[in-house]
Structure formats: C-alpha cells, structure tokens
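This note concerns the aromatic side chains of the structure shown below. Please read the numbered points with the model open.

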Amino acid sequence: MQPSPSIIDPKLDKDTRPPFSPAKTTVPSGLQNFELIVFPSFNDVPHGWQQFIVASSRNPYQSLEWTTAWSETAGASRGMVPVLAAVACAGKPLAFLPFSLKSRLGIKELSCLGHEDGNHYQGIWDEDALPAFDRQAVLDILSRLAKEVRADLISLQNVPDVLLGRPHPLVLERSTVSPNPVFARDLPTDFEQFFKETHTKSARKNLLRKERHLAASGDLKIIKASSLEDMDAGLAAFLDQRAIRARETGIPNAFGTAPSQRFLGQLAGLEGAPRSMDIWWLETNGVIRATYLCHEHRGCLYAYSNSVAHDETLPHSPGLVLLKQLVAYACASKHLHRLDLGLGQERYKAGWAEPVTLKNSVLPITLRGQAWAWIELQKIRLKASIRSSAVLWLMIRRLRKWRNGS
C-alpha cells in the first residue's frame, strides 16, 4: 500500500524552515580571542542569536522550540536550570551550546540540555568556524563556562563522533561509547527499490501480509495530523498506549509524568506555543492503532518516538506498517533526503537505517567533580555492557516485567 493523495495531504509535503545561508566567517586560529556569553534564560537570548540558532541548528533537539519547551516543563520539574552558552569572536556568533545545571548530593553538574528526552546532542555551530574549535579551544571554553557557573564537572551525553565530516568538537579525548546508537541513513527517491535492498524477500512478504491483515480488519488509514483536534487525538492515543505498554511490559515510560506530557503538548501546539512536531498514526475502523511523533528538520525526517495499541491488531504489527508508510512518504517527498529513527537498538530500526555511534564525555573541574566523574564513567560502562549482552538485557527486561506484576 503506497501513500496516496487521499491518505497524505500533499499540501503538508513542504519545508517551511528558512533556507540555511550563513555568512562566511573568518576566525583566528585556535580561537584565542573568543568571547563566552552565558544567557540565564531563553527570554534573554537576543534576536541576533535567535536568528543564528534557527539558521544553524542541525537537528530538532537543539532548536529553540524543543529546548524551550523541554526546559519549561520536564527540565524544570527535575530541577534543571538552563545555562545557555554562546561563543563569539569579534561579535560574530560561532556556537550556541544549551546546557542545564543540576545539583546532586552537593555536586553541581552541567549536562546537555534535554539529553534525557532528546535522541542526540550536536550543539549549534557556524560551519565555517568548526576548524577553529580544536581540542584546546574546546577545553578552554568548557572550563571557563564551568567556573563561571561554579560547576564541578561537565557531562556531554550522546554526541555523534562526526559533525559535517569533521571530528565533533564535543567528543573529548577520553570519551566512551554511549550504550545505544541512533539509527539513520540517507534516503533514495525509489521506495520500492529501497525496500528490496534493505529487507529480505521473506521480511518483505511478512510485512506486506501484516499490512493486508490490517486493511482487511476495516478502513485502514495513515493520517498526518493537521488540525489542533487531530493533534490532541493523536497525542492522547500516544500517551495512553505508552502507559499501557509500561504496565504490561515493565519498560519505563519516558512520558509518564505530567511535566513530560506538557512538554509534548507544547511541541504539538496544544499549549499555546507554535507547533513544531508532527503526529502520524495508523487507524483501522476509526481506532488509532499506532502513532509516531516526528520532526521534519533540515531535510531529515526524525522519527522521535512511537506507540502501539495492545489490542487485537497487535499481532499484525501496526507500528511496523506505519513506519513503512513513513519511510515511503519520506522517499517520495522532495524536501526530505534523510531518515533518523532515533536512539535505541530496537531490531526493527536495523531494517531501515544504520547505527551511528554516539559518545559520552566527562570533564571534571574540581576534586569532587573528579570523584563523581569516575562514578558516572562506571555507570556508563555498566549500561554499555548490559546493552551489548543479549543474555543480560533479556534478564533486565524480564526483571522489569516481574517488578511490574506482569
């Protein structure tokens, strides 16, 4: 079943973000003369810097809409104070790094703002200035920032190894591999050929059979929400399905709290802010069976989070069928050329995309920060070991299910 004009509104197949055309930048070698500016809130970010952020953000998770919404809801509920670091040279914006500061057991830790709910952290950079951000320049910037806000350490979570073909400036010397990669890849325009190249014949037949079963159950539709009423219905279904999944499987629900739900509501345009997130769903007989929360940003379709109904349609994998339709839509769209399925090693992602390694780095500033950094490093290594072991990960999932009474 290919996406058709009766299912997907062609008016929605367009990119409304302004084109990326920054002015060329000349930066002194090594950034010896950089200026560090710390904005205490998003309301304090000047218009010129806002323009730089809009033009230069390379994923939705550091966009103004995403970071502001998260900071005001989920972040605030967790005691995370925004620390918005800007790097300039001769008055020219070069980088914008949104961090948050939290105190735990007397230790003040700076971390990537929103990393708890975002899929990966890139920061925002002037592309022409990237070569100037060598290792020493980055250490100078981070050390000065930590001292200014009196942080004991800086934690950099889920940073990609490579940015625009260069080593990422925020992957520090003693970085460790994150427990989970993101799954992403460039997309061709021919979906059918892509489907054949990425899935075996048996896998294709199985997925198409599931799609036929769903269609036979009655009035199968793939819908991209366009009105506020649709957004409200799609988000309500997503939250309900995620809550049921958590109860039945024991898998933690990242959106189980009221602040996290308000965060999604803001992205969906339901809390008065402009909408910056799309909601897709698959329905049969007028009932939503699976959802996907997505962002379309700078030519990439970011499949942020999903849900599936635990009902009679579950054996027919409505979530996988919905994802297939999303990929077909992205391949056919003139403004989309890349797919990002987000963080996590779920098996279904490997059929459509490739793992992209992420790194975690910790920079201790004080003696207390050094002790805490060692503890954090051991936690990261333990998580990575568990995720890389099929036996240990299965035991963890069974334990979660048992603790949940399922």
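**Notes on the aromatic rings**

1. The charged end of Lys-324 sits over the ring of Phe-195, at 5.7 Å from its centre. A charge sits over a ring when NZ of Lys or CZ of Arg is within 6 Å of the ring centre and within 35 degrees of the ring normal.

2. The model is predicted, with local features needing pLDDT of at least 70 and side-chain atom pairs counting only at pLDDT 80 or more, while totals for chains, interfaces and linings use all residues. Residues are numbered from 1 along each chain as its sequence is written, and side-chain values use heavy atoms, leaving out hydrogens and water.

3. Across the whole structure, a search finds 17 aromatic pairs. Rings of Phe, Tyr and Trp (its six-membered ring) pair if their centres lie within 6.5 Å; planes under 30 degrees apart count as stacked, over 60 as edge-to-face and the rest as tilted.

4. Tyr-61 and Tyr-302 form an edge-to-face pair, 5.8 Å centre to centre with 85 degrees between the planes. This pair links distant parts of the chain, 241 residues apart: Tyr-61 lies in the loop between α1 (47–56) and α2 (64–77), and Tyr-302 in strand β14 (residues 300–308). Helices (H or I, at least four residues) and strands (E, at least two) are DSSP runs, numbered from the N terminus. Both Tyr-61 and Tyr-302 are buried, meaning under 20% relative accessible area, with exposed over 50% and partly exposed in between (1.4 Å probe, protein chains only).

5. Ring pairs link Tyr-61, Trp-66, Phe-238, Phe-255, Phe-263, Tyr-302 and Tyr-304 into a cluster.
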